[in-house]
Amino acid sequence: MGQLISKLMSIFGKQEHKVIIVGLDNAGKTSLLYQFLTNEVVHTCPTVRSNVEKTVLQKTHFFMWDIGGEEALRSAWNTYYSNAEFIILVIDSTDRDQLLATVELYKMLAHEALDASVLIFANKQDMKDSMTTMEISQFLTLSAMKDHPWHWHIQGCCALTGERLPAGLQWMQSWATVN
Ligand code: G3D
């Protein structure tokens, strides 16, 4: 699994890309990033802000942070979101309360004039009580965004094992290649 992800990242990494990984605390962002970085030589920069970590993998720059609240998101917006090609939104599919908070984040992404593609990882699909991607899509009313100029994709995954992460990366690759 790690090798497959590494291979995908190496193709993806031929050009410079800026990727933002966001989500609430405990969603699985660190586990997900760890899967991306397995078997790779990684350069990590010291924390840029108190709640932001930057990691460079080949030519892909990952900025990762926990969304503590709307205010924190807004203050970081101009600094980190500008020129982002991809935003990875990580959701804990077992946590219905967290999903409510994530809806706020999602609405903000949708309403800002953001020229980025959004990949939603519905994480923790290995857990019995996890919501399906269909349920989460309905919750986020993703289908209403069909005609929106920016692009989104939802992918169920398990960040612990890396299962189904390659499918999400492939989707990102296809956009990176097209644009
Ligand atoms: P964060 O970086 O978004 O805060 P972490 O989240 O990656 O630190 O993960 C938070 C907790 O969820 C961790 O458990 C981690 O092992 C677990 N986790 C992450 N992804 C998955 C997944 O796909 N399935 C399951 N079952 N658990 C997952 P701990 O116990 O270390 O706090």
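**Contacts, core and ligand shell of a predicted model**

Beyond its neighbours within four places in sequence, glutamine 125 is in contact (heavy atoms within 4.5 Å) with Ser93, Ser130, Met131, Thr132, Gly156, Cys157 and Arg164. Glutamine 125 sits in the loop between S6 and helix H5 (133-140); helices (H or I, at least four residues) and strands (E, at least two) are DSSP runs, numbered from the N terminus. The side chain of glutamine 125 also reaches the backbone oxygen of alanine 122 at 3.4 Å. That pair is a polar contact, defined as two N or O atoms within 3.5 Å; within protein, one must be able to donate a hydrogen and the other to accept it, and residues adjacent in sequence count only if both atoms are side-chain atoms.

The model is predicted, with local features needing pLDDT of at least 70 and side-chain atom pairs counted only at pLDDT 80 or more, while totals for chains, interfaces and linings use all residues. Residues are numbered from 1 along each chain as its sequence is written, and side-chain values use heavy atoms, with hydrogens and water left out.

Six helices and seven strands make up the secondary structure of the protein chain, in the order α-β-α-β-β-β-α-β-α-β-α-β-α from the N terminus. Of its 179 residues, 52% count as buried, where buried means under 20% relative accessible area, exposed over 50%, and partly exposed in between (1.4 Å probe, protein chains only). The accessible surface of the chain comes to about 9,000 Å², and 52% of that belongs to carbon and sulfur atoms; such areas come from the Shrake-Rupley method with a 1.4 Å probe, and for residues only the protein chains shown count as cover. Among contacts between residues at least 6 apart in sequence, 75% join residues at least 24 apart.

The interior comes next. A nonpolar core is a set of buried Ala, Val, Leu, Ile, Met, Phe, Trp, Tyr and Cys residues joined through side-chain atoms within 4.5 Å. The largest such core holds 21 residues, of which Ile21, Leu32, Phe36, Ile88, Phe121 and Met172 touch the most other members. Strand S1 (17-23), H2, strand S4 (60-66), strand S5 (86-92), strand S6 (117-123) and helix H6 (165-178) each supply at least two residues of this core. Apart from it lies another core, of 16 residues, including Ile87, Val118, Leu140 and Ile154. Phenylalanine 121, leaving aside neighbours within four places in sequence, has contacts that include Leu32, Phe36, Ile88, Cys157, Arg164 and Leu165.

A polar side-chain atom of threonine 30 lies 2.6 Å from an oxygen atom of the ligand. Taken alone the ligand exposes 660 Å², and the protein buries 66% of that.

Lysine 59, in the loop between strand S3 (52-57) and S4, is partly exposed because its relative accessible area is 40%. Asparagine 83, in the loop between helix H3 (70-81) and S5, counts as exposed because its relative accessibility is 71%.
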